[in-house]
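Please look over the chain below with its secondary structure in mind.

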Amino acid sequence: MATGTIYTYPENFRAYKALIAAQYSGTQVKVADNFVFGETNKSAEFLKKFPSGKVPAFESNGKYLSESNAIAFFLASEQLRGGKCPFAQAQVQQWLSFADNEVVPASCALVFPLLGIMPQQKGSTAKQDVEVVLELLNKKFLESTYLVGERITLADIVVFCSLMHVYQYVLDEATRKPYTNVNRWFNTMLHQKQVQAVVKNYTVCEKALVFDPKKYAEFQAKTGGKTTQQKPKEEKKQEKKPAAKKEEPKEELDAADLALAAEPKSKDPFDAMPKGTFNFDDFKRVYSNEDEKVSIPYFFEKFDPEHYSIWYGEYKYNEELTKSFMSCNLISGMFQRIDKMRKQSFASVCLFGDDNNSSISGIWVWRGQGLAFDLCPDWQIDYEVYDWKKLDAKSEETKKLVEQYFSWTGTDKQGRKFNQGKIFK
(Lines give C-alpha, C1' and ligand atoms only; values in the text may rest on other atoms or scores of the structure.)
Protein backbone atom coordinates (compact mmCIF):
# COMPACT_ATOMS: atom_id res chain seq x y z
CA MET A 1 0.00 0.00 0.00
CA ALA A 2 1.32 3.43 -0.97
CA THR A 3 2.26 5.91 1.76
CA GLY A 4 3.70 9.38 1.55
CA THR A 5 3.49 13.12 2.15
CA ILE A 6 1.41 15.62 0.26
CA TYR A 7 2.40 19.28 0.09
CA THR A 8 -0.43 21.78 -0.15
CA TYR A 9 -2.05 24.79 1.43
CA PRO A 10 -5.37 24.46 3.32
CA GLU A 11 -8.64 24.00 1.43
CA ASN A 12 -7.02 23.35 -1.95
CA PHE A 13 -9.67 21.57 -4.00
CA ARG A 14 -6.98 19.99 -6.17
CA ALA A 15 -5.38 18.41 -3.11
CA TYR A 16 -8.79 17.20 -1.97
CA LYS A 17 -8.88 14.81 -4.95
CA ALA A 18 -5.85 12.91 -3.69
CA LEU A 19 -6.78 13.06 -0.01
CA ILE A 20 -10.29 11.72 -0.67
CA ALA A 21 -8.94 8.96 -2.92
CA ALA A 22 -6.59 8.00 -0.09
CA GLN A 23 -9.53 7.81 2.32
CA TYR A 24 -11.33 5.35 0.04
CA SER A 25 -8.28 3.19 -0.58
CA GLY A 26 -7.07 3.22 3.02
CA THR A 27 -3.73 4.74 2.04
CA GLN A 28 -1.83 6.55 4.78
CA VAL A 29 -1.07 10.07 3.56
CA LYS A 30 0.41 12.84 5.67
CA VAL A 31 -0.12 16.50 4.86
CA ALA A 32 3.22 18.31 5.22
CA ASP A 33 3.56 20.45 8.32
CA ASN A 34 4.65 24.08 8.19
CA PHE A 35 4.05 24.41 4.45
CA VAL A 36 3.92 28.10 3.46
CA PHE A 37 2.81 28.78 -0.07
CA GLY A 38 5.19 31.10 -1.89
CA GLU A 39 8.04 30.14 0.43
CA THR A 40 8.24 26.37 0.84
CA ASN A 41 7.46 25.68 -2.81
CA LYS A 42 10.03 28.28 -3.97
CA SER A 43 12.86 26.82 -1.94
CA ALA A 44 15.77 25.07 -3.64
CA GLU A 45 15.03 21.86 -1.72
CA PHE A 46 11.41 21.78 -2.92
CA LEU A 47 12.25 22.71 -6.53
CA LYS A 48 14.83 19.94 -6.69
CA LYS A 49 12.02 17.46 -6.06
CA PHE A 50 9.24 19.32 -7.90
CA PRO A 51 10.71 21.59 -10.59
CA SER A 52 7.38 23.23 -11.45
CA GLY A 53 6.96 24.51 -7.89
CA LYS A 54 3.24 23.72 -8.04
CA VAL A 55 1.08 22.10 -5.41
CA PRO A 56 -0.31 19.68 -4.59
CA ALA A 57 2.89 17.71 -4.78
CA PHE A 58 3.47 14.20 -3.46
CA GLU A 59 6.53 12.42 -2.09
CA SER A 60 6.72 8.68 -1.43
CA ASN A 61 9.86 6.68 -0.71
CA GLY A 62 12.13 8.95 -2.70
CA LYS A 63 9.72 9.23 -5.63
CA TYR A 64 7.93 12.43 -6.56
CA LEU A 65 4.66 13.29 -8.26
CA SER A 66 3.02 16.56 -9.20
CA GLU A 67 -0.33 17.27 -10.95
CA SER A 68 -3.35 16.52 -8.82
CA ASN A 69 -4.98 13.91 -11.07
CA ALA A 70 -1.78 11.88 -11.25
CA ILE A 71 -1.42 11.95 -7.46
CA ALA A 72 -5.05 10.97 -6.97
CA PHE A 73 -4.69 8.11 -9.48
CA PHE A 74 -1.60 6.82 -7.69
CA LEU A 75 -3.37 6.85 -4.31
CA ALA A 76 -6.62 5.36 -5.61
CA SER A 77 -7.66 1.74 -5.28
CA GLU A 78 -8.25 -0.48 -8.30
CA GLN A 79 -11.99 0.00 -7.94
CA LEU A 80 -11.66 3.80 -7.95
CA ARG A 81 -9.61 3.58 -11.14
CA GLY A 82 -12.40 1.70 -12.91
CA GLY A 83 -11.79 -1.87 -11.78
CA LYS A 84 -10.42 -4.45 -14.18
CA CYS A 85 -12.55 -3.39 -17.15
CA PRO A 86 -10.46 -1.42 -19.69
CA PHE A 87 -13.53 0.44 -20.93
CA ALA A 88 -14.50 1.53 -17.40
CA GLN A 89 -10.90 2.65 -16.83
CA ALA A 90 -11.11 4.70 -20.02
CA GLN A 91 -14.40 6.22 -18.87
CA VAL A 92 -12.75 7.33 -15.62
CA GLN A 93 -9.99 9.01 -17.63
CA GLN A 94 -12.63 10.60 -19.85
CA TRP A 95 -14.26 12.32 -16.87
CA LEU A 96 -10.91 13.39 -15.44
CA SER A 97 -10.20 15.12 -18.76
CA PHE A 98 -13.69 16.62 -18.72
CA ALA A 99 -13.06 18.06 -15.27
CA ASP A 100 -9.74 19.64 -16.27
CA ASN A 101 -10.80 20.89 -19.71
CA GLU A 102 -14.43 21.91 -19.13
CA VAL A 103 -15.30 22.20 -15.44
CA VAL A 104 -12.25 23.87 -13.91
CA PRO A 105 -11.74 26.57 -16.60
CA ALA A 106 -15.43 27.54 -16.48
CA SER A 107 -15.46 27.53 -12.67
CA CYS A 108 -12.28 29.62 -12.40
CA ALA A 109 -13.44 32.17 -14.96
CA LEU A 110 -16.72 32.60 -13.09
CA VAL A 111 -15.62 32.43 -9.45
CA PHE A 112 -12.20 34.12 -9.39
CA PRO A 113 -13.47 37.62 -10.29
CA LEU A 114 -16.16 37.27 -7.60
CA LEU A 115 -13.46 36.49 -5.03
CA GLY A 116 -11.52 39.55 -6.20
CA ILE A 117 -8.39 37.71 -7.30
CA MET A 118 -8.90 38.23 -11.03
CA PRO A 119 -10.40 41.13 -13.00
CA GLN A 120 -13.84 40.77 -14.58
CA GLN A 121 -13.48 40.16 -18.30
CA LYS A 122 -15.82 42.00 -20.66
CA GLY A 123 -17.94 39.66 -22.74
CA SER A 124 -17.08 36.69 -20.50
CA THR A 125 -19.08 33.54 -21.24
CA ALA A 126 -18.14 31.93 -17.92
CA LYS A 127 -21.70 31.81 -16.62
CA GLN A 128 -22.93 30.16 -19.82
CA ASP A 129 -19.98 27.74 -19.79
CA VAL A 130 -20.84 26.64 -16.26
CA GLU A 131 -24.48 26.18 -17.26
CA VAL A 132 -23.42 23.95 -20.18
CA VAL A 133 -21.39 21.79 -17.78
CA LEU A 134 -24.28 21.52 -15.33
CA GLU A 135 -26.82 20.70 -18.04
CA LEU A 136 -24.59 17.94 -19.41
CA LEU A 137 -24.14 16.44 -15.95
CA ASN A 138 -27.83 16.81 -15.15
CA LYS A 139 -28.69 14.66 -18.17
CA LYS A 140 -26.02 12.15 -17.21
CA PHE A 141 -27.43 11.75 -13.69
CA LEU A 142 -31.01 11.43 -14.85
CA GLU A 143 -30.44 7.70 -15.30
CA SER A 144 -27.11 7.19 -13.53
CA THR A 145 -26.25 7.32 -9.87
CA TYR A 146 -22.52 7.78 -10.49
CA LEU A 147 -20.37 8.76 -13.47
CA VAL A 148 -18.92 5.31 -14.15
CA GLY A 149 -20.72 2.11 -13.22
CA GLU A 150 -22.72 1.75 -10.04
CA ARG A 151 -20.08 2.71 -7.49
CA ILE A 152 -18.08 5.82 -6.70
CA THR A 153 -14.90 6.09 -8.77
CA LEU A 154 -12.13 8.61 -9.19
CA ALA A 155 -14.31 10.22 -11.86
CA ASP A 156 -16.88 11.22 -9.23
CA ILE A 157 -14.21 12.44 -6.82
CA VAL A 158 -12.41 14.63 -9.37
CA VAL A 159 -15.55 16.15 -10.92
CA PHE A 160 -17.00 16.75 -7.44
CA CYS A 161 -13.87 18.59 -6.28
CA SER A 162 -13.80 20.62 -9.48
CA LEU A 163 -17.36 21.82 -8.85
CA MET A 164 -16.84 22.77 -5.20
CA HIS A 165 -16.20 26.49 -5.79
CA VAL A 166 -19.26 26.84 -8.01
CA TYR A 167 -21.50 25.23 -5.41
CA GLN A 168 -19.88 27.22 -2.61
CA TYR A 169 -19.94 30.71 -4.10
CA VAL A 170 -22.36 30.87 -7.06
CA LEU A 171 -25.11 28.25 -7.04
CA ASP A 172 -27.61 29.57 -4.51
CA GLU A 173 -30.89 27.75 -4.06
CA ALA A 174 -32.68 29.43 -6.98
CA THR A 175 -29.73 29.08 -9.37
CA ARG A 176 -29.11 25.40 -8.68
CA LYS A 177 -32.80 24.45 -8.66
CA PRO A 178 -32.92 23.41 -12.38
CA TYR A 179 -30.11 20.92 -11.82
CA THR A 180 -31.91 18.50 -9.50
CA ASN A 181 -29.97 15.43 -10.61
CA VAL A 182 -26.56 17.09 -10.27
CA ASN A 183 -27.54 18.51 -6.88
CA ARG A 184 -28.52 15.04 -5.66
CA TRP A 185 -25.22 13.53 -6.82
CA PHE A 186 -23.14 16.45 -5.45
CA ASN A 187 -24.72 16.18 -2.02
CA THR A 188 -24.39 12.40 -2.02
CA MET A 189 -20.67 12.88 -2.60
CA LEU A 190 -20.41 15.67 -0.03
CA HIS A 191 -21.91 13.47 2.69
CA GLN A 192 -19.74 10.41 2.09
CA LYS A 193 -17.72 9.71 5.24
CA GLN A 194 -14.51 9.60 3.17
CA VAL A 195 -15.23 13.09 1.85
CA GLN A 196 -16.28 14.41 5.25
CA ALA A 197 -12.97 13.23 6.66
CA VAL A 198 -11.18 15.60 4.26
CA VAL A 199 -13.55 18.48 3.52
CA LYS A 200 -14.25 20.43 6.70
CA ASN A 201 -16.78 23.22 7.30
CA TYR A 202 -17.96 23.31 3.69
CA THR A 203 -21.36 24.86 3.04
CA VAL A 204 -23.40 25.06 -0.13
CA CYS A 205 -24.12 28.60 -1.30
CA GLU A 206 -27.00 30.44 0.35
CA LYS A 207 -26.40 33.84 -1.26
CA ALA A 208 -24.39 34.07 -4.47
CA LEU A 209 -21.37 36.36 -4.58
CA VAL A 210 -21.61 39.35 -6.90
CA PHE A 211 -18.76 41.10 -8.64
CA ASP A 212 -17.30 44.03 -6.69
CA PRO A 213 -14.55 46.01 -8.50
CA LYS A 214 -13.20 47.18 -5.15
CA LYS A 215 -12.22 43.63 -4.19
CA TYR A 216 -9.80 43.28 -7.09
CA ALA A 217 -8.43 46.79 -6.54
CA GLU A 218 -7.74 45.96 -2.90
CA PHE A 219 -6.17 42.66 -3.91
CA GLN A 220 -3.88 44.44 -6.38
CA ALA A 221 -2.95 47.03 -3.76
CA LYS A 222 -1.98 44.32 -1.28
CA THR A 223 0.13 42.42 -3.79
CA GLY A 224 1.54 45.37 -5.66
CA GLY A 225 -0.03 43.96 -8.80
CA LYS A 226 2.40 41.03 -8.71
CA THR A 227 0.09 38.06 -8.37
CA THR A 228 2.77 35.45 -9.03
CA GLN A 229 5.62 36.70 -6.83
CA GLN A 230 6.44 36.80 -3.18
CA LYS A 231 6.52 40.06 -1.28
CA PRO A 232 10.05 41.36 -0.68
CA LYS A 233 11.69 40.22 2.52
CA GLU A 234 11.90 43.71 3.95
CA GLU A 235 8.18 44.18 3.46
CA LYS A 236 7.55 40.91 5.27
CA LYS A 237 9.56 42.13 8.25
CA GLN A 238 7.15 45.01 8.65
CA GLU A 239 4.17 42.73 8.96
CA LYS A 240 3.02 42.58 12.54
CA LYS A 241 0.42 39.86 12.27
CA PRO A 242 1.35 36.40 10.92
CA ALA A 243 -2.29 35.98 9.91
CA ALA A 244 -1.71 38.55 7.18
CA LYS A 245 -0.02 35.82 5.16
CA LYS A 246 -3.43 34.39 4.39
CA GLU A 247 -4.18 37.49 2.35
CA GLU A 248 -1.22 36.92 0.03
CA PRO A 249 -1.97 35.45 -3.39
CA LYS A 250 -1.13 31.85 -4.01
CA GLU A 251 -0.19 31.84 -7.68
CA GLU A 252 -1.60 33.09 -10.94
CA LEU A 253 -4.36 30.50 -11.41
CA ASP A 254 -3.86 28.44 -8.31
CA ALA A 255 -4.67 31.59 -6.36
CA ALA A 256 -8.25 30.74 -7.17
CA ASP A 257 -7.98 27.69 -4.99
CA LEU A 258 -7.99 30.09 -2.09
CA ALA A 259 -11.06 29.36 0.07
CA LEU A 260 -12.72 31.97 2.25
CA ALA A 261 -12.70 31.44 6.00
CA ALA A 262 -15.35 28.94 6.96
CA GLU A 263 -18.45 30.24 8.70
CA PRO A 264 -19.17 28.83 12.16
CA LYS A 265 -21.44 25.85 12.21
CA SER A 266 -25.06 26.69 12.82
CA LYS A 267 -26.93 25.24 15.77
CA ASP A 268 -29.41 22.43 15.34
CA PRO A 269 -32.63 24.15 14.15
CA PHE A 270 -34.67 21.78 16.30
CA ASP A 271 -33.06 23.17 19.47
CA ALA A 272 -35.33 26.21 19.39
CA MET A 273 -38.43 24.02 19.71
CA PRO A 274 -39.94 22.61 22.93
CA LYS A 275 -38.70 19.09 23.58
CA GLY A 276 -42.00 17.59 24.58
CA THR A 277 -42.18 14.10 26.07
CA PHE A 278 -41.44 11.88 23.07
CA ASN A 279 -37.93 10.40 23.22
CA PHE A 280 -36.64 9.51 19.77
CA ASP A 281 -33.67 7.56 21.12
CA ASP A 282 -35.88 5.32 23.22
CA PHE A 283 -38.26 4.66 20.35
CA LYS A 284 -35.44 3.95 17.89
CA ARG A 285 -33.94 1.51 20.36
CA VAL A 286 -37.26 -0.31 20.72
CA TYR A 287 -37.86 -0.29 16.96
CA SER A 288 -34.40 -1.75 16.29
CA ASN A 289 -34.57 -4.47 18.91
CA GLU A 290 -38.22 -5.48 19.11
CA ASP A 291 -40.78 -6.92 16.72
CA GLU A 292 -43.19 -4.46 15.07
CA LYS A 293 -45.97 -5.89 17.27
CA VAL A 294 -44.14 -4.27 20.17
CA SER A 295 -42.48 -1.22 18.59
CA ILE A 296 -45.54 0.18 16.77
CA PRO A 297 -47.85 0.18 19.83
CA TYR A 298 -44.92 1.66 21.78
CA PHE A 299 -44.71 4.48 19.23
CA PHE A 300 -48.38 5.47 19.63
CA GLU A 301 -48.25 5.07 23.40
CA LYS A 302 -45.30 7.45 23.74
CA PHE A 303 -45.94 9.83 20.83
CA ASP A 304 -46.47 13.49 21.79
CA PRO A 305 -48.69 15.09 19.09
CA GLU A 306 -48.40 18.53 20.64
CA HIS A 307 -44.68 18.82 20.04
CA TYR A 308 -44.09 16.31 17.24
CA SER A 309 -45.77 15.62 13.90
CA ILE A 310 -46.24 12.80 11.39
CA TRP A 311 -45.91 13.40 7.63
CA TYR A 312 -46.51 11.41 4.47
CA GLY A 313 -44.02 12.07 1.65
CA GLU A 314 -44.59 10.79 -1.90
CA TYR A 315 -42.06 11.07 -4.72
CA LYS A 316 -43.40 13.30 -7.51
CA TYR A 317 -41.72 11.63 -10.46
CA ASN A 318 -42.47 7.93 -10.06
CA GLU A 319 -42.94 7.61 -13.82
CA GLU A 320 -39.22 8.37 -14.24
CA LEU A 321 -38.08 5.56 -11.93
CA THR A 322 -36.36 2.70 -13.74
CA LYS A 323 -34.14 0.17 -12.00
CA SER A 324 -35.06 -0.69 -8.42
CA PHE A 325 -31.48 -0.35 -7.17
CA MET A 326 -31.30 3.18 -8.62
CA SER A 327 -34.56 4.10 -6.91
CA CYS A 328 -33.17 2.84 -3.61
CA ASN A 329 -30.06 4.95 -4.22
CA LEU A 330 -32.33 8.00 -4.40
CA ILE A 331 -33.63 7.20 -0.93
CA SER A 332 -30.17 6.50 0.51
CA GLY A 333 -28.77 9.66 -1.06
CA MET A 334 -31.44 11.80 0.55
CA PHE A 335 -30.81 10.17 3.93
CA GLN A 336 -27.10 10.96 3.64
CA ARG A 337 -27.71 14.58 2.72
CA ILE A 338 -29.97 15.26 5.70
CA ASP A 339 -27.91 13.24 8.15
CA LYS A 340 -28.00 16.05 10.74
CA MET A 341 -31.78 15.65 11.01
CA ARG A 342 -31.45 12.15 12.45
CA LYS A 343 -31.34 13.17 16.10
CA GLN A 344 -34.87 14.57 16.06
CA SER A 345 -36.37 12.61 13.16
CA PHE A 346 -37.37 9.13 12.08
CA ALA A 347 -38.62 7.83 8.74
CA SER A 348 -39.53 4.64 6.96
CA VAL A 349 -39.38 5.13 3.19
CA CYS A 350 -40.49 2.31 0.91
CA LEU A 351 -40.14 1.30 -2.71
CA PHE A 352 -43.22 -0.38 -4.17
CA GLY A 353 -43.31 -2.30 -7.46
CA ASP A 354 -40.52 -3.50 -9.72
CA ASP A 355 -38.18 -2.19 -12.42
CA ASN A 356 -39.83 0.46 -14.64
CA ASN A 357 -43.05 0.28 -12.62
CA SER A 358 -42.45 1.52 -9.10
CA SER A 359 -43.08 4.29 -6.60
CA ILE A 360 -41.37 5.81 -3.57
CA SER A 361 -43.22 7.04 -0.49
CA GLY A 362 -42.73 7.12 3.23
CA ILE A 363 -43.81 8.11 6.70
CA TRP A 364 -41.71 10.77 8.47
CA VAL A 365 -41.77 11.86 12.10
CA TRP A 366 -39.94 14.89 13.52
CA ARG A 367 -40.02 17.48 16.27
CA GLY A 368 -42.28 20.46 15.57
CA GLN A 369 -45.47 20.98 13.62
CA GLY A 370 -44.06 22.45 10.39
CA LEU A 371 -42.18 20.94 7.47
CA ALA A 372 -38.73 20.28 8.96
CA PHE A 373 -36.84 20.81 5.71
CA ASP A 374 -37.73 24.50 5.80
CA LEU A 375 -35.64 24.91 8.96
CA CYS A 376 -32.25 24.59 7.26
CA PRO A 377 -31.01 25.25 3.69
CA ASP A 378 -28.73 22.20 3.93
CA TRP A 379 -31.83 19.98 4.21
CA GLN A 380 -33.59 21.35 1.14
CA ILE A 381 -31.85 19.54 -1.69
CA ASP A 382 -34.32 16.67 -2.10
CA TYR A 383 -37.53 17.59 -0.35
CA GLU A 384 -38.99 19.52 -3.29
CA VAL A 385 -39.20 16.35 -5.39
CA TYR A 386 -41.72 14.99 -2.88
CA ASP A 387 -45.32 15.93 -2.14
CA TRP A 388 -45.76 16.37 1.62
CA LYS A 389 -48.92 15.92 3.66
CA LYS A 390 -49.19 16.40 7.39
CA LEU A 391 -51.18 13.58 9.02
CA ASP A 392 -53.56 13.63 11.94
CA ALA A 393 -51.73 11.61 14.57
CA LYS A 394 -54.97 10.58 16.24
CA SER A 395 -56.83 9.32 13.17
CA GLU A 396 -57.27 5.65 12.34
CA GLU A 397 -56.10 6.26 8.77
CA THR A 398 -52.78 7.60 10.07
CA LYS A 399 -52.37 4.64 12.43
CA LYS A 400 -52.89 2.24 9.50
CA LEU A 401 -50.32 4.08 7.38
CA VAL A 402 -47.78 4.12 10.19
CA GLU A 403 -48.28 0.40 10.79
CA GLN A 404 -47.90 -0.34 7.06
CA TYR A 405 -44.73 1.68 6.57
CA PHE A 406 -43.10 0.80 9.88
CA SER A 407 -43.68 -2.91 9.22
CA TRP A 408 -42.86 -2.79 5.48
CA THR A 409 -46.05 -4.39 4.20
CA GLY A 410 -48.95 -3.69 1.85
CA THR A 411 -49.17 -1.87 -1.47
CA ASP A 412 -49.00 1.69 -2.78
CA LYS A 413 -52.00 3.64 -4.12
CA GLN A 414 -51.73 1.89 -7.48
CA GLY A 415 -51.62 -1.57 -5.94
CA ARG A 416 -47.90 -2.14 -6.45
CA LYS A 417 -46.54 -4.54 -3.81
CA PHE A 418 -43.89 -3.61 -1.27
CA ASN A 419 -40.41 -4.19 -2.71
CA GLN A 420 -37.96 -2.91 -0.11
CA GLY A 421 -37.58 -0.18 2.46
CA LYS A 422 -35.04 2.02 4.21
CA ILE A 423 -35.10 3.44 7.73
CA PHE A 424 -33.84 6.92 8.66
CA LYS A 425 -32.97 6.88 12.34
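Predicted model: local features only at pLDDT ≥ 70, side-chain atom pairs only at ≥ 80, totals over all residues.

Residues are numbered from 1 along each chain as its sequence is written, and side-chain values use heavy atoms, with hydrogens and water left out.

**Overall make-up**

- The protein chain holds 15 helices and nine strands, where helices (H or I, at least four residues) and strands (E, at least two) are DSSP runs numbered from the N terminus.
- Of its 425 residues, 48% count as buried, a term that stands for under 20% relative accessible area with a 1.4 Å probe, protein chains only.
- The accessible surface of the protein chain comes to about 21,800 Å², and 50% of that surface belongs to carbon and sulfur atoms; such areas come from the Shrake-Rupley method with a 1.4 Å probe.
- Among contacts (heavy atoms within 4.5 Å) in the protein chain between residues at least 6 apart in sequence, 74% join residues at least 24 apart.

- Four strands form an open sheet of mixed pairing in the order 2-1-3-4, two strands being counted as paired if DSSP finds at least two bridges between them.
- At its edges lie strand 2 (28-31) and strand 4 (63-66), each of which pairs on one side only.
- From one strand to the next the twist averages 25 degrees, with axes taken as lines fitted to C-alpha atoms, for helices over the stretch in contact, and angles running from 0 to 180 degrees between N-to-C directions.
- Strand 1 (residues 3-7) and strand 3 (residues 57-60) run antiparallel and are joined by three bridges; the bridge partner of Y7 in strand 3 is A57.
- Helix 3 (residues 68-75) packs on this sheet and touches strand 1, strand 2, strand 3 and strand 4, its direction making about 125 degrees with that of strand 4.

- Five strands form an open sheet with antiparallel pairing, in the order 8-5-7-6-9.
- Strand 8 (386-391) and strand 9 (418-424) stand at the edges with a single partner strand each, so one side of each is left without a neighbour in the sheet.
- Direction ignored, neighbouring strands of this sheet are turned by 20 degrees against each other on average.
- Strand 5 (residues 308-315) pairs with strand 8 in the antiparallel sense over six bridges, and the bridge partner of W311 in strand 8 is K390.
- Helix 14 (residues 324-337) packs on the sheet, where it touches strand 5, strand 6 (345-354), strand 7 (357-367), strand 8 and strand 9, and its direction makes about 15 degrees with that of strand 9.

Conventions. Buried < 20%, exposed > 50% of the residue type's maximum accessible area, 1.4 Å probe, protein only.
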